[in-house]
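Reader: Would you please show me the sequence and the structure, and then take my questions in turn?

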Amino acid sequence: MCGIVAYIGEKEAYPLLIKGLKRLEYRGYDSAGVALLNGDVNVYKKKGKVQELVNHAQGAKKNGTLGIGHTRWATHGAPDDLNAHPHVSGDGRLALVHNGIIENYALLKKALEKEGHVFHSETDTEVLVHLIEEIQNRDNLPLEEAIRIALTRVVGAYAIVVLDKNDPNKLVAARKASPLVIGIGENEFFLASDATPIIEHTKKVIYLNDEEIAVVRRSGSYDIRTINNEVQAPFIHELDMKIEMLEKGGYDYFMLKEIHEQPTTISDCMRGRLNADEGWIMLGGLEEHVNRITKAKRIIIAACGTSWHAGLIAEYLIEDLARLPVEVEYASELRYRNPIITEDDVVIAISQSGETADTLAALELAKEKGALIYGIVNVVGSSIARITDAGSYIHAGPEIGVASTKAFTGQVTLLTMMALSLAHKRGTISTSYFQQLLNEMSNIPKKVEKVLESNKKIEYIAQEIKDKPNALYLGRGYNFPIALEGALKLKEISYIHAEGYPAAEMKHGPIALIDEEMPVIVIATNKSAYDKIASNIQEVKARKGLVIAVVTEGDEVISQIADYTIEIPDTEEPFTPLLSVIPLQLLSYHIALMRDCNVDQPRNLAKSVTVE
Ligand code: G6P
């Protein structure tokens, strides 16, 4: 949520900042801005996408080898030019970009107003830059010291980068609960919310920790201290990411590219962890804590959005196969109720970004209560990956489309392997069934490829739905979370209201909505409840609903009743979600495209939600 990028070195900063902001646009795109230091501080800000900023700054003075940039997802104050970052101190000396929320900004603002500070925006961020200015000027302090003192007075979350007109040879950055990465080049530094703007310049990065302040200098030197002024010895990581992963690679949209990458990303997730020929599964994170996890009294899964849907599938998988009780919680709810979590519990956080504020906070709570905390994360080096006791990366590569697709199937693949491994270790499934499941699991990437061949047919079906105001998604068992995920995908990117429901629950409410205007998408591949689903479809048809059914290849019954069917290959029931979600991703994609929606950057959404 909000993207920060900054540069100090020998090159012109502006083009680097703009390119970096475009890479970070998935984090928010309400407005964008840059501040460039070239004797003066030149600030350009504009409502809308980064391209609007580029148009706005055309012809203006943009030279300078030090600069900061920001792309915003509005929290405090409307998304307009005034509220856009960077924000500048009253004396025009400091410019600051911020990701996060300063919770006590109103109190601070009142006190600063008494001192004569005048504010021009409605943001919490402007208060922070004035607070730093006040402290700096009162005692004539170096910037980093003024920032350090200011941050001890701030309640909330922040990643900030600040430039000082009077000191053109350094940038100061700090973080708490919002990510910040420092890229170390040859006599140059890049600072950013994630590594994507950095990767084409250097592979050497430092992930700033909470309550750390970094000073990077034009001379190439840098230092990091805590807000308590303790010097830190940072660890330099080597990035393992290729620039092609950040490009569209011939596809019109990142979402379409990411949908098509799934055969590969699912394979990558299984590589070195599952070997059907030799009959084993090995997840490093799980092996490290094998006793505690296999003997856990309960597994609690905390996540948000699409990751929460992956968690629901894990509940079915782990209870069904490994016979361990599982609870799945919205992280935002778990953290604010008074949950019973004990040392005998294992709390698993699922997160693509590894930065979701609520998920992070839920994990911290679980850690305090003594539970083992396990992260299932995509972004390497992210906050969740770093605070957990153990974990597994899903290895899906950067996901840029705001609507999650390949990260979801990566999470489900990982959780499926986890359930299989736990089941095997706990002896809750027979060796022959374990082997049968391993064999089938290794066929999944090929089967996903097969599902993707239905793209044209799905595009045709999308025509039928594109002008409808509502849609209902139904599924049972393993496919109930897929109904939720299908509905979420549709509303996220096409702005059609959609609901996911357990198929049998339809008669307790949603059935009242069904008429010829209501498309009902039914995931009807379950072997265990096949007849029941067929009856649910009859109930919809009796009320003239338009039925689109996802069925197993060769299905003869439901294909007679439904208006349209999309076939997926037969598989073991626990693995169905990995196949049945694919047509629903494609369906949303095509509908959104037909409605002229921005598929990769849907309105009001952001990919990395670092505020509560
Ligand atoms: C945002 C994204 C979703 C994502 C959710 C949780 O809402 O738009 O795609 O599922 O955050 O994010 P996480 O990174 O924790 O999986």
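Author: The questions and answers below concern helix packing, aromatic pairs and backbone geometry.

Author: This is a predicted model, in which local features need pLDDT of at least 70 and side-chain atom pairs count only at pLDDT 80 or more, while totals for chains, interfaces and linings use all residues. Residues are numbered from 1 along each chain as its sequence is written, and side-chain values use heavy atoms, with hydrogens and water left out.

Reader: Are helices α1 and α2 roughly parallel or roughly antiparallel to each other?

Author: Helices (H or I, at least four residues) and strands (E, at least two) are DSSP runs, numbered from the N terminus. Axes are lines fitted to C-alpha atoms, for helices over the stretch in contact, and angles run from 0 to 180 degrees between N-to-C directions; angles under 35 degrees count as roughly parallel, over 145 as roughly antiparallel, 65 to 115 as roughly perpendicular and the rest as oblique. The axes of α1 (residues 13–24) and α2 (residues 50–57) come within 9 Å and cross at roughly 155°. The two helices are therefore roughly antiparallel.

Reader: Which residues of α2 make the contact with α1?

Author: Contact means heavy atoms within 4.5 Å. From α1, the contact is made by Tyr 14, Ile 18, Leu 21 and Lys 22. From α2, the residues are Val 50, Gln 51, Leu 53, Val 54 and Ala 57.

Reader: How many residues apart in sequence are the parts that Tyr 7 and Phe 190 tie together?

Author: Rings of Phe, Tyr and Trp (its six-membered ring) pair if their centres lie within 6.5 Å; planes under 30 degrees apart count as stacked, over 60 as edge-to-face and the rest as tilted. Tyr 7 and Phe 190 form a tilted pair, 5.1 Å centre to centre with 50° between the planes. Because Tyr 7 lies in strand β1 (residues 3–8) and Phe 190 in strand β10 (residues 189–192), the parts tied together are apart in sequence by 183 residues.

Reader: Is Tyr 7 buried or exposed?

Author: Buried means under 20% relative accessible area, exposed over 50%, partly exposed in between (1.4 Å probe, protein chains only). The relative accessible area of Tyr 7 is 1%. Tyr 7 is therefore buried.

Reader: Which kind of pair do Tyr 460 and Tyr 564 form?

Author: Their ring centres lie 6.4 Å apart. Because their planes stand at 75°, the pair is edge-to-face.

Reader: Is the peptide bond from His 85 to Pro 86 cis or trans?

Author: Pro 86 lies in the loop between β4 (66–72) and β5 (87–88). With omega near 0°, the peptide bond from His 85 to Pro 86 is cis.
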